Amino acid sequence: MGDKFAVGVDLGGTKILAGVVNLTTGQILSAAKKKTRVVEEGSELVKRIAACIGDALQDAAAVDAKFESKKLVGIGVGAAGMVDRENGILLAAANIGGTNDLAIAEPLSAQYGLPVKLGNDVEVATLGELYFGAGRECDNFVCMFIGTGIGSGIVNNGKIYRGGYGTAGEVGHMIVVPDGLPCGCGGYGCLETYASRTAIAKTVLYDIQHGMDTVLADKIDANKGILRSKAIAQGLEINDHSTVRAITQAAQYLGIGLASVINFYNPKRIILGGGLVEAVPHFFDLAELEARRRALRIPSRKTEIVRAELGDYAGTIGAALLLRS
Ligand SMILES: [Zn+2]
């Protein structure tokens, strides 16, 4: 028999990361990377994904003599956007050049003669944690990923729960402040406008605009509101006032969101992921404290709150796992 393999593709706003993944062990045999390039045509993007897959496959044969393409069961793609899983179409992806209704599965399947499955990035990262990360041996948990926005994947009875119409898990749009700040979804006061990395950048930007000195002043992209997790960690290390203020505020709101998830869904475990959680332990600790303080007594004591384990390759490993589920 031997192990089975699948190609996993993490299709993000800045890069495409393809890898040949051992579906039994979760190990990555080989990987290849290309820039996404936001300006190009949709068909160009598919060509680029195909080329990235080709590179990863070529490397797999080179690094492992035992790897045979006949053990390859398919290709999984996890995309940062809304997907039509049944037809393998990327419906909308604001971060991938505003790509709309792009057929992904069909052209890739035709080129490689393999089944191709498409999922969204949060869903596949959750699959990765379920099989090989912090969700192993837990059949009931919620993964929350904090980045430029906040997304979540729900696992119920060992399977991804997608909801009645396939949109479950939009925890970033849980409303925490009535008539609060405007959100990218068109609503107001959503959790991700208060607790994401973008929210932290906005707080710091506000301080700068109001004349406060902060070490983050030359690290923030004021036009795009981008602030890297590493810079935030460094600011916190030296007790930079604005950084402390921004982190504390975001962690409190995240804790409020977590408490609602705990009360409503009663997961056995909550797994927190994303660069900010990895780089800033204090952010995780504060959010956990706030969540336990606010959630109902029994689930507050029992629910485990842990960090995601798969890091940079979560999307690639998880996408390959679409062929297993
Ligand atoms: Zn929203």
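Strand S5 (residues 82-84) and strand S6 (residues 89-93) pair in the antiparallel sense, joined by three bridges. Two strands count as paired if DSSP finds at least two bridges between them. Helices and strands here are DSSP runs (H or I, at least four residues, for helices; E, at least two, for strands), numbered from the N terminus.

Before going on, keep in mind that this is a predicted model: local features need pLDDT of at least 70, side-chain atom pairs count only at pLDDT 80 or more, and totals for chains, interfaces and linings use all residues. Residues are numbered from 1 along each chain as its sequence is written.

Back to the hairpin. S5 and S6 have four residues between them, and Gly-88 in that turn has a positive phi of about 65°. Val-83 sits opposite Leu-90 of S6. On S7, Leu-90 has Leu-102 as its bridge partner.

| Strand | Partner | Bridges |
|---|---|---|
| S5 (residues 82-84) | S6 (residues 89-93) | three bridges |
| S6 | S7 (residues 99-103) | four bridges |
| S1 (residues 5-11) | S2 (residues 15-22) | seven bridges |

Now for the open sheet. Its five strands come in the order S3-S2-S1-S4-S8, with mixed pairing. Strands S3 (28-35) and S8 (116-120) are at the edges with a single partner strand each, so one side of each has no neighbour in the sheet. From one strand to the next, the twist averages 15°. Within the sheet, Val-9 has Ala-18 of S2 as its bridge partner.

Helices pack on this sheet too. Helix H1 (residues 42-63) lies across S1, S2, S3 and strand S4 (72-79), and runs at about 150° to S3. Helix H3 (residues 121-132) touches S4 and S8, and its direction makes about 100° with that of S8. Being in contact means that the C-beta atoms of two residues, placed from the backbone, lie within 7 Å. Angles run from 0 to 180 degrees between N-to-C directions, and axes are lines fitted to C-alpha atoms, for helices over the stretch in contact.

Take a look at Gly-76, which is found in strand S4. Is Gly-76 buried or exposed? Gly-76 counts as buried because it has 30 C-beta neighbours inside 10 Å. The cut-offs are 20 or more other C-beta atoms within 10 Å for buried, 12 or fewer for exposed, and partly exposed in between, with C-beta atoms placed from the backbone. Leaving out residues up to four places away in sequence, Gly-76 touches several residues, including Ala-6, Lys-117 and Ala-320. Ala-320 belongs to helix H11 and is buried. In H11 (residues 314-321), eight of the eight residues are buried.

Finally, two helices meet H7. Helix H6 (residues 229-237) packs on helix H7 (residues 241-265) at about 115°, with the axes 8 Å apart. That makes H6 roughly perpendicular to H7. The contact uses Ile-232, Gly-235 and Leu-236 of H6 and Thr-243, Val-244 and Ile-247 of H7. The axes of helix H5 (residues 197-209) and H7 come within 9 Å and cross at roughly 140°. That makes H5 oblique to H7. The cut-offs here are under 35 degrees for roughly parallel, over 145 for roughly antiparallel, 65 to 115 for roughly perpendicular, and oblique for the rest.
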